[in-house]
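The stops below are given in the order in which they may be selected.

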Amino acid sequence: MSKTLPISEVKTRLPELVSGVEDREEEIVVTRKGKPAAVLVNYAEYERLKESLDVLSDPDLMRQISQSKAFYSKGRKGLSFEQVFDEPLHHPKRHKR
């Protein structure tokens, strides 16, 4: 959930707003003179956004993603985990003695 607050209110309520962002992963759009100026987000969300931007800005990764989408859109199948790593995906459960 996103809230929009003027910077004057953010200044007076910053500790409370940071707790809300941290605990509930809400977002606060901070305005200055009625226009969006900044966003207060949970740190984990910030890290996820940065990682997404890193992928989107890497031409080689984007080319690989595009090729994969084209490959799978034609109904083709890739290799299984077992084929790639030559081991089962799930290890057999061990019985307690």
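Begin by selecting Asn42, which is buried at 9% relative accessibility; buried means under 20% relative accessible area, exposed over 50%, and partly exposed in between, with a 1.4 Å probe and protein chains only. The model is predicted: local features need pLDDT of at least 70 and side-chain atom pairs count only at pLDDT 80 or more, while totals for chains, interfaces and linings use all residues. Residues are numbered from 1 along each chain as its sequence is written, and side-chain values use heavy atoms, with hydrogens and water left out.

Asn42 sits in the loop between β3 (35-40) and α2 (43-56). Helices (H or I, at least four residues) and strands (E, at least two) are DSSP runs, numbered from the N terminus. Beyond its neighbours within four places in sequence, Asn42 is in contact (heavy atoms within 4.5 Å) with Val21, Glu22, Glu25 and Glu26.

**Along α2**

Select α2 next. Its 14 residues should span 20 Å at 1.5 Å a residue, and its end C-alpha atoms are 20 Å apart, which agrees; the expected span is 1.5 Å times one less than the number of residues.

Now show the side chains of Tyr43 and Tyr46, which are three residues apart in α2 and thus separated by about one helical turn. Rings of Phe, Tyr and Trp (its six-membered ring) pair if their centres lie within 6.5 Å; planes under 30 degrees apart count as stacked, over 60 as edge-to-face and the rest as tilted. By this rule the count comes to three aromatic pairs. The ring centres of Tyr43 and Tyr46 are 5.8 Å apart with the planes at 40°, so this pair is tilted. Tyr43 is exposed, at 58% relative accessible area, whereas Tyr46 is partly exposed at 38%.

Phe81 and Phe85 form another tilted aromatic pair, with 4.7 Å from centre to centre and 40° between the planes. These two residues lie four places apart in helix α4 (residues 81-85), about one helical turn.

**The bent helix α1**

Which span does helix α1 (residues 7-24) have between its end C-alpha atoms? The distance is only 21 Å, against the 26 Å that a straight helix of 18 residues would span. Centre the view on Arg13, where a kink of about 85° lies shortly before the proline Pro15; the bend at a residue is the angle between axes fitted to the seven residues ending there and the seven starting there. Following α1 is Glu25, with a positive phi near 55°.

**The core**

Colour Val10, Leu17, Gly20 and Val21, the buried positions in α1. The buried residues of α1 pack against β1 (2-6), β2 (27-32) and β3.

**Two positive phi values**

Finish at Lys33, in the loop between β2 and β3, where phi is near 55°. Lys33 is exposed at 83% relative accessibility. Asp86, in the segment after α4, likewise has a positive phi near 55° and is exposed at 71%.
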